[in-house]
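Here is a short briefing on helix packing, backbone geometry and a few selected residues. Keep the structure open while reading.

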Amino acid sequence: RSRATRTTRRERMSALSSKSIPRVALVKTRATATKARRVTTVTRAEGGASPWGDSTQSIHNGERSGRPRVSDSLTTPIVCTSTYHFKDTEELIAYQEGRYGSFEYGRYGNPTTQACEEKIRQLEGGEAALLSASGMCTATTMLLALVPAGGHIVTTTDCYRRTRQFIQTFLPKMGISCTVLDPSDYDGLEKALKEHECSLYFSESPTNPYLRCVDIERIVSLCKPTGCLVCIDGTFATPCNSRALDFGADLVIHSASKFFGGHNDVLAGVIVGRKDAVDKVKQFHNILGGVIDPHAAYLVLRGLKTLALRIERHNDSAMKIAKFLEAHPKIERVHYPGLPSHPDHEIAKKYMKGFGGVVSFEVKGDLWQTAKFIDSCKLPYIAPSLGGVESLIEQPTVVSYWDQGPEKRAEIGIKDNLVRYSTGIEDYADIEADMAQALDCI
């Protein structure tokens with residue numbers, strides 16, 4: 001540094017020392033000022049001694065008079081609160097009249113959850129979205145909110161067991177009846193719409209476990225003139241592969257535990273679509289209380305950031321393994337909408353950009369030979385889920401329908417030799433090699 005600069009500094013120090021300020025006091029003053037600046041930055045609290053006692057200060061200090069600014073955080077904060085406060089009655093009344101944005105209570109909303117809902121809403125192209133505690137919570141709340149007592153539902157044969165169970169065993173207690181059709185039975189849908197005052201058509205696409213796909217535009221053209229809402233469960237597709245709302249569906253639901261979360265570490269569900277319909281579901285949701293925890297909402301939010309990357313890998317691996325299995329002599333049949341052999345292949349091509357990460361197939365053998373194949377697989381976990389980074393394998397007969405018995409399983413189309421494989425994002429060569437060695441064991 002220049003001599004002029006050093007001289008100036010010496011002059012300043014000399015001026016300070018000429019005043020009667022002890023050195024210790026000077027250091028203390030500087031430290032206090034620095035501390036005060038830090039406190040102001042973090043809490044914006046007013047200076048001075050607090051009149052409150054230790055317990056009261058422990059509760060309120062650092063928060064009551066000002067909170068840390070979180071808008072600069074790169075990631076969305078996890079807001080852990082069960083309730084929201086208002087500065088005065090005027091602000092509360094403004095909230096009640098819709099002039100002030102807040103949530104009032106944790107069951108009615110959360111900033112972390114809201115950020116996740118908005119991300120999903122835009123991915124699906126819907127008007128509104130609502131997260132809940134699980135996929136089944138979303139499905140059951142939607143059905144209870146949108147179908148009146150004495151109403152009628154049209155649904156499809158191939159679907160998640162618990163959804164079917166709710167529709168066929170619980171809803172009849174409310175006088176709600178249902179027509180259950182093959183996913184491709186559009187004549188049956190037209191007949192049901194003529195014979196009943198249908199409130200809702202509800203189907204997965206692709207379905208579980210046979211991956212059937214429905215003609216959304218055809219269904220919409222039949223349902224809309226009668227006022228019947230169309231809801232598609234897009235869990236197996238995700239908006240990266242198919243957006244049912246773009247083809248006229250009113251609502252889409254997802255088990256966000258699957259591809260949205262993507263890491264097998266969270267339970268969540270979401271409904272997206274027309275605002276008036278989602279609002280009805282939300283009103284009932286506020287009563288039932290199937291609220292997603294903000295930590296879970298954050299995990300879904302984080303998972304969504306890599307959704308497109310993961311789906312690209314899922315699609316690629318599933319298509320390759322489907323082709324490998326279809327050519328294998330120990331496999332009887334492969335169910336994958338990306339294959340020309342699938343009954344809904346043309347429909348899948350119309351509505352899907354990719355065909356998903358799940359492949360179902362039938363082993364040439366009985367229940368126990370199929371179980372031996374599954375037990376011989378070394379890479380996938382034997383587990384009843386899908387959509388995560390880890391590959392999962394299951395035998396629906398054992399995992400989901402063991403309590404049904406052979407006759408009941410046959411009635412609903414669940415074969416003992418059926419296997420469902422959810423591809424993870426492992427290297428494809430490892431997935432195929434493991435599959436090949438397991439088939440060699442039977």
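Helix α9 spans residues 216–223, and I216, I219, V220 and C223 are buried in it. This is a predicted model. Viewed down the axis of α9, the buried residues fall within an arc of 100 degrees, so they line one face of the helix.

**Helix α9 and its cover**

- An α-helix has 3.6 residues a turn, so residues three or four places apart point the same way.

**The loop between β4 and α9**

- Most residues other than glycine have a negative phi, and most peptide bonds are trans.
- P206 sits in the loop between β4 and α9. The peptide bond from S205 to P206 is cis, with omega near -5 degrees.
- P209 lies in the loop between β4 and α9 too. A cis peptide bond joins N208 to P209, and its omega is about 10 degrees.
- L211 is another residue of the loop between β4 and α9. L211 is not a glycine, yet its phi is positive, at about 60 degrees.
- L211 has 2% relative accessibility, so it counts as buried, the cut-off being under 20%.

**T238, in the loop between β5 and β6**

- T238 is found in the loop between β5 and β6 (251–255).
- Its phi is near 70 degrees, a positive value in a residue other than glycine.
- T238 is buried, with a relative accessible area of 0%.

**Helix pair α5 and α11**

- Two packed helices are described by the angle between their axes and the distance between the axes.
- The axes of α5 (residues 111–124) and α11 (residues 294–304) come within 8 Å and cross at roughly 35 degrees.
- α5 passes α11 in a left-handed crossing.
- On the α5 side, T112, T113, A115, C116, K119, I120 and L123 make the contact. On the α11 side, P294, A297, Y298, V300, L301 and L304 do.
- By class, this contact of α5 with α11 has 10 nonpolar, 2 polar and 1 charged residues.

**Helix pair α12 and α17**

- The axes of α12 (residues 307–326) and α17 (residues 428–439) come within 10 Å and cross at roughly 30 degrees.
- That angle makes α12 roughly parallel to α17, a term for angles under 35 degrees.
- The crossing of α12 and α17 is right-handed.
- α12 makes the contact through S317, K320, I321, F324 and L325. α17 contributes Y428, I431, E432, M435, A436 and L439.
- The contact of α12 with α17 has 8 nonpolar, 1 polar and 2 charged residues.

**Two residues and their surroundings**

- G357 is in the loop between α13 and β9 (358–363). G357 is buried, with a relative accessible area of 2%.
- G357 and D316 are 41 residues apart in sequence, and their C-alpha atoms are 7.9 Å apart in space.
- Not counting residues up to four places away in sequence, G357 touches F259, H314, N315, A318, Y421, S422 and T423.
- M136 has its place in helix α6 (residues 135–146). At 24% relative accessibility, M136 counts as partly exposed.
- M136 and I253 are 117 residues apart in sequence and 9.9 Å apart in space, C-alpha to C-alpha.
- Leaving aside neighbours within four places in sequence, M136 is in contact with Y160, R162 and T163.

Notes:
Residues numbered from 1 in each chain as written. Predicted model: local features only at pLDDT ≥ 70, side-chain atom pairs only at ≥ 80, totals over all residues. Heavy atoms only, no water. Buried < 20%, exposed > 50% of the residue type's maximum accessible area, 1.4 Å probe, protein only. Helix = DSSP H or I, 4+ residues; strand = E, 2+ residues; numbered from the N terminus. Arc of directions from axis to C-beta. Axes fitted to C-alpha atoms, helices over the stretch in contact; angles between N-to-C directions. Left-handed = near helix turned anticlockwise from the far one by under 90°. Contact = heavy atoms within 4.5 Å. Nonpolar A, V, L, I, M, F, W, Y, C, P; charged D, E, K, R; others polar. Parallel < 35°, antiparallel > 145°, perpendicular 65-115°, else oblique.
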